[in-house]
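This report goes through selected features of the structure shown below.

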Number of protein chains: 6
Amino acid sequence: MVLKSFIFSIAIMTLVTSMSYASDSIPLQDFCVAINDPNNSHVTIAAANVRTLPGLNTLGISLYRLDYPPHSLNAPHTNPRGSEILVVVEGMLYVGFVTSTSAPNMKNRLFSKILHPGDVFVFPMGLIHFQLNVGKSKAVAFIALNSQLPGGNNIPNALFDSHPPISDDILAKAFQVDKKVVDYIRSQFESNNY
Amino acid sequence: MVLKSFIFSIAIMTLVTSMSYASDSIPLQDFCVAINDPNNSHVTIAAANVRTLPGLNTLGISLYRLDYPPHSLNAPHTNPRGSEILVVVEGMLYVGFVTSTSAPNMKNRLFSKILHPGDVFVFPMGLIHFQLNVGKSKAVAFIALNSQLPGGNNIPNALFDSHPPISDDILAKAFQVDKKVVDYIRSQFESNNY
Amino acid sequence: MVLKSFIFSIAIMTLVTSMSYASDSIPLQDFCVAINDPNNSHVTIAAANVRTLPGLNTLGISLYRLDYPPHSLNAPHTNPRGSEILVVVEGMLYVGFVTSTSAPNMKNRLFSKILHPGDVFVFPMGLIHFQLNVGKSKAVAFIALNSQLPGGNNIPNALFDSHPPISDDILAKAFQVDKKVVDYIRSQFESNNY
Amino acid sequence: MVLKSFIFSIAIMTLVTSMSYASDSIPLQDFCVAINDPNNSHVTIAAANVRTLPGLNTLGISLYRLDYPPHSLNAPHTNPRGSEILVVVEGMLYVGFVTSTSAPNMKNRLFSKILHPGDVFVFPMGLIHFQLNVGKSKAVAFIALNSQLPGGNNIPNALFDSHPPISDDILAKAFQVDKKVVDYIRSQFESNNY
Amino acid sequence: MVLKSFIFSIAIMTLVTSMSYASDSIPLQDFCVAINDPNNSHVTIAAANVRTLPGLNTLGISLYRLDYPPHSLNAPHTNPRGSEILVVVEGMLYVGFVTSTSAPNMKNRLFSKILHPGDVFVFPMGLIHFQLNVGKSKAVAFIALNSQLPGGNNIPNALFDSHPPISDDILAKAFQVDKKVVDYIRSQFESNNY
Amino acid sequence: MVLKSFIFSIAIMTLVTSMSYASDSIPLQDFCVAINDPNNSHVTIAAANVRTLPGLNTLGISLYRLDYPPHSLNAPHTNPRGSEILVVVEGMLYVGFVTSTSAPNMKNRLFSKILHPGDVFVFPMGLIHFQLNVGKSKAVAFIALNSQLPGGNNIPNALFDSHPPISDDILAKAFQVDKKVVDYIRSQFESNNY
């Protein structure tokens, strides 16, 4: 099956932007990202960004393949430095994002949809979004972002599994619960954040 | 007391950027943002951005005054479209942000500090951050962001008080807890998100 | 087969950039791009850009699915307003681009490669590039560009099938051939440029 | 008094922009800017920009505290690389800027206002502007600019105290006065430009 | 003489930028800028910017022809929104600019040079600069700026001929002279600023 | 004759942009670009860009003088990283560009015009364009682009004289001709691309 492997073999050259002194004469680079264990229950992400492919420097774009085991979730997160466009190539995904507070009548509005192969969805820059495999089999999607290194803030991990931890007081106030609830959630996280 | 009122009296003119056809000939505009109730337990935010002051259009900057009652928290949130610089002018704040996953050895690192009047702190674009009043009296800070409308994603509200709500299934998976915990947290939120 | 159809069902909202006064409160939009005739000999392109999806406005990204019948060519062209990243999901493509004259020792260098499913390739902004299906069956690829409407200059069509036509004199000088050769090439083009 | 000291204690991390290859994993930095002599007659400026705080690199914002002794003037100047937003926290300031010649009916228009604590004013990028303490006591303001190093062109110093000096001929023509007037003005400046 | 007339006959089309929804399909536009009186003693400027040529919208560039009568001066000014490159095509010009205060050891440094036909000089964005015809005959130069409407702040006019005027108090403090000197300079200016 | 020589004598300083940590304190640089042989039949180009003048770094602009012998052609090409503005200072040029496919009813539209001294023409970023000397004597033009190194893709050379060559199969398909025609065109090109 053609989609089982995702080998990056990329030949690129660095372009000159108006901000940096550089030439467009960069040799070929090859890179291979292995997917270690496609059978686990976590979403696996194979990345083609400037960290894995230095030649992407100044080009302002990156691409990722996501493999979702059945029922797996790409937890609510934000990309601090890019808008994202997603296309489903296999399986069925329930996706959504929440609007920011910059629109008075629209704050914290959830936009969501079930996507099938060929469907496209857009996540505007910096907004909280997620994808859930709601099909019975695995799902596969490609996403692209208009940044060479858009970053990711996995919200549950950032809040409950940071190093050092965010104080119980802050999280209890934030979620308006007792600190015991915070401690309980925190205990669910082991330091295996990807 | 000079800081009790925060009246915006702004005269601005719209500048032409290289992207838009406009002149720098805009009449005076005045605007006043009242702080309704400085004695409540919530952080109050008075905003000078393009929504309250249309003349800021194309200027790429905004400013906010935050008043923190004792023990109040500006809950973990992100600004999707701007970096933020904060200066404390009264009181004592504990502030912090969590790094994204774009740095392999640095993901979910918490950087935090206690700030006193005159202290400055920077929150890089799009990262999760918070401020807590850890003093016995009120605290006041000014923040500026390099966007005319940077937006805000209050994370607890976005996740547990969106409209329509994010499904229990997603939140339970994300926080690795039972749906009852999700329902409990959700019940704490009334639709009073600011 | 999941890849046979490519239906765009996109829910997006317009984000405010620092250059424009707008809110992130845009209603849902759905859009469906049909692929008329997957059996012809031309590359078919299904586009998710700001022209087909107005809500992409200000988001700075677009996505395309390309279906290559056997032996079909996406002729040498440039995208005037974006860098491109390509991932092959089916079949085998020979792809390449030519460097510009901005690097003294690198001008007109061809970088090319044969790609298989999962392979990724990057075409820096504005450079001449092409893709040829070198397999025995159809090929499918997704491309993303960091522009909401990157545009395309199909070089043979732009030179030999423009309206009004470029004069024979210019094309004969440019390609250093007799005008009869120019007329012959021009006669091959009927006004069916896509 | 909380505003007497202005100590920068800044923890920041360098963000990756789409133009540069960098990670968001930067260690803590502390910096303290002392205000030597708050009783002199000159405006004192304490800066938090990329020169005093290298970690601001790529973040596109800077902040300054200005202390104005009674009757002191922040002389007409321009910031070549940023728009400025100002908030008064103590005292009374008369501020203004002059429009450029890009608007036919608006060239050299002065927009000015007297500001009290809490008032905000915006100076569009690159325009000539000034602030004068018109109260009986000191005044304090914070300003932010959307550049990590916006620069400043103090006009009287740039014209009459540059190194080497601008020729008398040019200044006499520019101000339409005799060279003796130029020499007189120049003599008023000693090389104490800050 | 080929340079005596400067007729703009410009065919342009508006390009789509990543920030705005637009197509590259704009009809032809012609525009003619007459030079009324080439024999006066003032520098005359014929402009090709977005105000005279709306089709330049979003293209981020503008061009100007300057005709300098003998001994005429393009007075010290700044362009708030663009860097400038100048080429002399006739005559002899003495040109210069003054650095900003952003470099500790370089503030208020004057860089100047005498230019002959074919010479090129660059004025970085926002810095104070001037050109003086130091030859016996007229001089002609073309300048280009990386903005569709870069604007201009003629410093003597902005300071001494604004509407309403800047107060004597401010100008006297700024130039460290008596108000009588300010009044004298102001009297030299009649409201004929171009 | 003032236009016969084109000597670059440039004093510039590097400006800080919001993206890079740098000061505006750069020493003087002089540079001289000789035009070897003004009598040949090729267009000669003297460049003032960041490659010939490193101090242009971050300033986002470049300037070129083009000398066109009678009947010479600046062949169809694109500039991948900048919009171009052209002014004719001597002779008569026929110029044009072809629109991209991003506008449904406008794709491959040719916009062209005959220009005389003083005429200005704009070539939007990334579009295919050309200039032909249609006068009996030499022609001279200056062009400016809003990039410090905009690059150039000379289309005939890029397609028929690249290293290694683009395969006959691709070019024959692209131009819809027999491979013999491709070989014939290729044979016209010797490796003297500039």
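## Helix packing in chain D

The axes of helix α2 (residues 168-175) and helix α3 (residues 179-188) of chain D come within 9 Å. They cross at roughly 105°. Angles of 65 to 115 degrees count as roughly perpendicular, so α2(D) and α3(D) are roughly perpendicular to each other. The model is predicted.

Which residues of α2(D) meet α3(D)? On the α2(D) side they are Asp168(D), Asp169(D), Leu171(D) and Ala172(D). Their counterparts in α3(D) are Lys179(D), Val182(D), Asp183(D) and Arg186(D). By class, the contact of α2(D) with α3(D) has three nonpolar and five charged residues, and no polar ones.

## A loop serine in chain D

Ser72(D) sits in the loop between β2 (62-68) and β3 (73-78) of chain D. Is Ser72(D) buried or exposed? Its relative accessible area is 3%. The cut-off for buried is under 20%, so Ser72(D) is buried.

The side chain of Ser72(D) reaches the backbone oxygen of Pro69(D) at 2.7 Å. Leaving aside residues up to four places away in sequence, Ser72(D) touches Ser41(D), Val43(D), Gln131(D), Leu132(D) and Asn133(D).

## The sheet in chain A

Chain A has an open sheet of five strands. The order is β1-β2-β9-β4-β7, and the pairing is antiparallel. At the edges are β1 (44-48) and β7 (120-123) of chain A, each of which pairs on one side only. Ignoring direction, neighbouring strands of this sheet are turned by 20° against each other on average.

How many bridges join β1(A) to β2(A)? There are five, and β1(A) runs antiparallel to strand β2 (residues 62-68) of chain A. Across from Ala47(A) stands Tyr64(A) in β2(A).

## The sheet in chain B

In chain B, five strands form an open sheet with the order β1-β2-β9-β4-β7. Its pairing is antiparallel. The edge strands are β1 (44-48) and β7 (120-123) of chain B, and each pairs on one side only. From one strand to the next, the twist averages 20°.

Here the β4(B) and β7(B) pair can be examined. Strand β4 (residues 84-90) of chain B is joined to β7(B) by four bridges. The two strands run antiparallel. Which residue stands opposite Leu86(B)? The residue is Phe121(B), in β7(B).

Key
Residues numbered from 1 in each chain as written. Chains lettered and ligands numbered in written order. Predicted model: local features only at pLDDT ≥ 70, side-chain atom pairs only at ≥ 80, totals over all residues. Heavy atoms only, no water. Pairing = 2+ DSSP bridges. Axes fitted to C-alpha atoms, helices over the stretch in contact; angles between N-to-C directions. Buried < 20%, exposed > 50% of the residue type's maximum accessible area, 1.4 Å probe, protein only. Polar contact = N/O pair within 3.5 Å; in protein donor to acceptor, adjacent residues only side chain to side chain. Contact = heavy atoms within 4.5 Å. Parallel < 35°, antiparallel > 145°, perpendicular 65-115°, else oblique. Nonpolar A, V, L, I, M, F, W, Y, C, P; charged D, E, K, R; others polar.
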